[in-house]
Amino acid sequence: MDIPVQIAIRLKPPSIADSSQCIFSNPASQIVITESGQTFHVNRALPFDCTQNHLFNSFMLPQVNCFLDGCDTSVVVFGQSKSGKTYTLFGPGFECIHSECDLGIVPRFLTEVFHRLGQMPEREFILNITWMQVINNNIFDVLGGGLVRCCNIEEAFQYLQLGWRQKCLGNYHTVFTVSMEQKWVGTNGVLNHRMSTASFCDLAAYPEPGLFAVESIIKELVAGNPPKQINYDRCILTAMLRDSFGGRAFTWVLGCISSEPEDYQDTLKILNLCLCCRGIKNFVTVNLFADNNTPVYNDKSVPQDNAFNLQFATAQWIKLVSNAEGLFNKILQSKSLTETDMNQVSEWLFLKAECDECLNNEGTVDNKEGNTKQGLPRIAEDTEPSEPSESDVESDSEDSDSEMVFQDKVEKMMDFFKEKNDLLFAERCEEYLNHIDSDDITISETSGSQSLPVMTSQSNSGRRRTIQPGESISGAQLELLRKVAAKAISPESQKILIESHKKDIDPEPKLIERELLKMIDSPKTNEICKKYKMTKEKYSQKQILARKLSKEISSSQSQLKELIKLCISKQRLIDELSTAISNNSRNKSYTERIESNIIDHDAMKEIKRHETNIKTFKKQIEQIRRQIKKDEKRKNTLDVELLKDKLKLDELSETSLDIKDKKVNSIKHFTNRITHLDNILKEKASDLENLELSREKELLLRKEIKNLRKTRECLHDQRCSLGHKRKLYKSLSDSEERKLLECEEAIEAIDTAIEYKNNLICGKSPSASLSDSQDNKDTRSRGEQMCLDGGIAERALSLGMTTDSETSDDALRLVDRMRQLARCPPVPVIPSQNLRQLMPATYLPVAKVTKERNKLVIIQQNKKH
Ligand SMILES: Nc1ncnc2c1ncn2[C@@H]1O[C@H](COP(=O)(O)OP(=O)(O)OP(=O)(O)O)[C@@H](O)[C@H]1O
């Protein structure tokens with residue numbers, strides 16, 4: 001199961017009671033606050049008055065549970081010099097003068113483990129401890145015996161006291177390890193066989209090179225590099241911490257910091273490093289032996305209590321003997337022994353071969369009978385592929401039926417193992433998660449899809465055959481995703497979503513548009529770009545500086561080498577000269593001595609000169625060394641900064657890429673919209689052109705209507721005067737009668753023409769008003785024609801209608817008379833000026849056409865015509 005590295009921060013009590021503090025911790029909200037207001041959220045924020053007991057109880061008890069269940073655990077302590085790292089892990093010391101209350105994490109852990117094992121008498125265990133120090137990338141075994149076995153807490157404390165006395169003092173890394181193998185028969189009658197390791201690492205303060213290596217591994221892991229791709233073997237320390245960072249241990253990183261203002265910068269550095277570890281996830285799993293979960297039979301020949309010890313002893317013995325065999329073979333090949341010794345060794349080897357033969361035969365018999373093999377089953381290594389042994393191959397060919405039965409059994413066992421393991425993990429995780437911050441990981445109760453490890457034959461990382469995570473997302477991860485998703489949608493977007501759900505419409509386009517516009521408008525984008533540019537510039541400058549520094553360091557180192565060589569040669573010269581002088585004084589007679597004294601005097605002078613030279617060289621060496629140290633320190637800090645900058649750059653480029661993508665999408669969207677609008681604009685422009693043309697036509701029509709009206713008025717006047725005359729004298733002359741008829745005909749035709757033109761102006765179909773009949777068309781054209789040429793009697797007659805309210809007799813009479821008149825055509829009666837008015841206007845009047853709502857308003861500006 002993936003469990004993130006947990007972080008605890010402990011403040012060291014100030015050296016002077018009332019001294020000012022620059023860092024504070026709030027255990028209630030698990031926050032560490034700096035004087036500048038910077039806050040660091042951690043899993044445990046421990047105050048400076050936190051006791052050793054409180055510290056242990058606050059986060060180490062679940063570690064003990066994990067360890068007893070067969071999981072690897074780890075505590076890694078970071079901190080500047082004298083910040084209380086050793087005090088936290090071990091306490092002030094193990095002499096009688098120290099109180100038990102001051103005991104640190106390691107002795108408390110051992111006490112708790114032995115106490116718990118005492119409460120579980122069914123468990124057989126072998127517990128070993130190691131105590132190593134890493135000094136200049138070399139391992140120093142503090143206890144001197146490698147793995148040291150402890151059967152009880154008293155023995156463990158004796159070793160703690162011994163180690164405390166023997167450990168080297170200085171800025172070194174210390175790794176204390178407790179490894180335990182357990183075996184017990186569960187209530188269900190199956191064997192539980194587990195192995196777990198707890199490591200406690202007291203890291204040296206800066207600028208220890210190993211610490212930089214650890215830091216770079218942490219950063220690589222946080223950057224997302226899989227543990228497989230990380231080179232843990234870059235130094236001893238990183239190899240030792242393989243399981244703690246990116247491995248299989250349940251890790252707590254403990255930052256010991258000082259709250260004093262002079263340590264502020266170092267403290268910030270440690271805090272940031274610890275916080276960085278929060279991004280690492282370790283794959284914590286129960287380490288099982290191959291025989292775990294095998295049913296235990298009652299009819300065992302060997303008593304249960306002794307069986308385990310015997311198995312272990314046999315396995316160790318076989319190892320020892322085969323080691324000795326290798327050695328003896330080497331000795332025989334070197335032929336450095338006497339003949340009798342050689343014979344003895346040969347005899348030993350012969351006996352060993354005989355024993356092997358016997359043991360192998362026994363094994364074959366055992367296999368055939370289906371008994372469990374004697375000896376401790378080994379834990380399969382990841383790197384070793386599980387190839388079938390020769391005996392397996394033989395038995396394969398012997399009986400395929402039994403193989404089937406065996407495979408069935410194996411499958412059943414695997415299922416059983418998986419089930420048990422999942423159950424155990426679920427229990428432990430719940431227990432753990434209840435104990436640690438409920439805010440960190442929450443497992444959804446309803447999801448029920450917790451991703452529990454499943455067994456596979458391939459392994460990712462770790463020492464033993466490993467258990468891999470399932471492919472599904474765990475409940476906790478789902479919960480987190482849900483939280484993130486809920487946070488990612490802005491309240492406005494949520495509103496849109498709700499509204500669209502109500503209206504049952506697709507909210508996506510609206511949402512996208514809103515989010516895009518917001519994003520493009522937001523100054524965040526520009527800010528990111530600026531930040532990116534600045535960081536990149538800084539990054540390249542720092543790179544140049546780092547290169548320069550490494551060049552300087554290498555040149556200083558070569559200078560140093562030369563100086564050291566010079567010093568050595570000078571020293572040799574001095575030694576030679578001194579031996580020559582002493583030889584002189586010993587071997588020569590008095591007179592010779594006096595003579596040679598003068599020479600010796602010169603030699604002495606020479607020696608003195610060389611000695612002063614050496615002194616200056618040494619001074620120079622010291623200076624160069626100091627310079628190199630300084631440069632190295634600067635380079636290291638630069639390297640760290642570079643790494644940070646690189647991470648920052650990656651982060652920024654990721655966000656800017658994201659924004660760029662979104663911008664490109666939005667630009668596409670807008671270009672589409674622009675082309676659409678462009679098309680609409682073109683359509684409108686052509687419409688406008690048409691409109692202008694029709695306006696010109698309209699103006700012409702209006703002019704014509706005006707002229708027609710004037711003509712009509714004239715005709716109307718003439719008709720009125722003629723009508724009046726007829727009423728007065730009861731009759732009219734023929735020419736007058738014809739004129740009257742013509743007037744009426746012309747008026748009617750003009751009316752039709754005006755209506756027609758009006759309809760044209762209003763955009764109605766002219767046929768609408770004229771009923772679109774051929775007759776009406778003729779009437780219109782005739783009316784127009786008559787207006788132009790003064791009217792033709794026959795055409796006027798063909799209209800067959802009058803507008804006055806005269807009797808039909810009058811009409812008949814009129815028709816007769818018109819027939820007569822038609823034979824002799826009349827003289828035009830419409831004044832020529834009026835005729836001209838009927839013609840289209842030769843100039844265009846200026847008029848303003850505006851549109852108000854759905855009406856066209858025409859205002860004539862130039863009234864001249
Ligand atoms: N929380 C604490 N309460 C009481 N004393 C403390 C506390 N923390 C540290 N000290 C004391 O401060 C001194 C320095 O502590 P310690 O040696 O543990 O620091 P360190 O970080 O391990 O130093 P170095 O890096 O040099 O090994 C010790 O005398 C220790 O007893």
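The following legends describe close-up views of a predicted model. Local features need pLDDT of at least 70, side-chain atom pairs count only at pLDDT 80 or more, and totals for chains, interfaces and linings use all residues. Residues are numbered from 1 along each chain as its sequence is written.

**View 1. Surroundings of the ligand.** The ligand is surrounded by 14 residues, the closest being S81, G84, K85, T86 and Y87; a residue is near a molecule if its C-beta atom, placed from the backbone, lies within 6 Å of it. Helix α3 (residues 85–89) supplies the largest share of this shell, three residues; helices are DSSP runs (H or I, at least four residues), strands likewise (E, at least two), numbered from the N terminus.

**View 2. The sheet β3-β4-β5.** Three strands form an open sheet in the order β3-β4-β5, with antiparallel pairing; two strands pair if DSSP finds at least two bridges between them. Because β3 (23–26) and β5 (39–41) stand at the edges with a single partner strand each, one side of each is left without a neighbour in the sheet. Strand β4 (residues 31–34) pairs with β5 over three bridges, and I31 stands opposite H41 in β5.

**View 3. Residues 362–396.** Over this stretch pLDDT, the predictor's confidence in each residue from 0 to 100, stays under 50. Where pLDDT is low, the predicted coordinates should not be read in detail.

Technical notes. Two residues are in contact if their C-beta atoms, placed from the backbone, lie within 7 Å.
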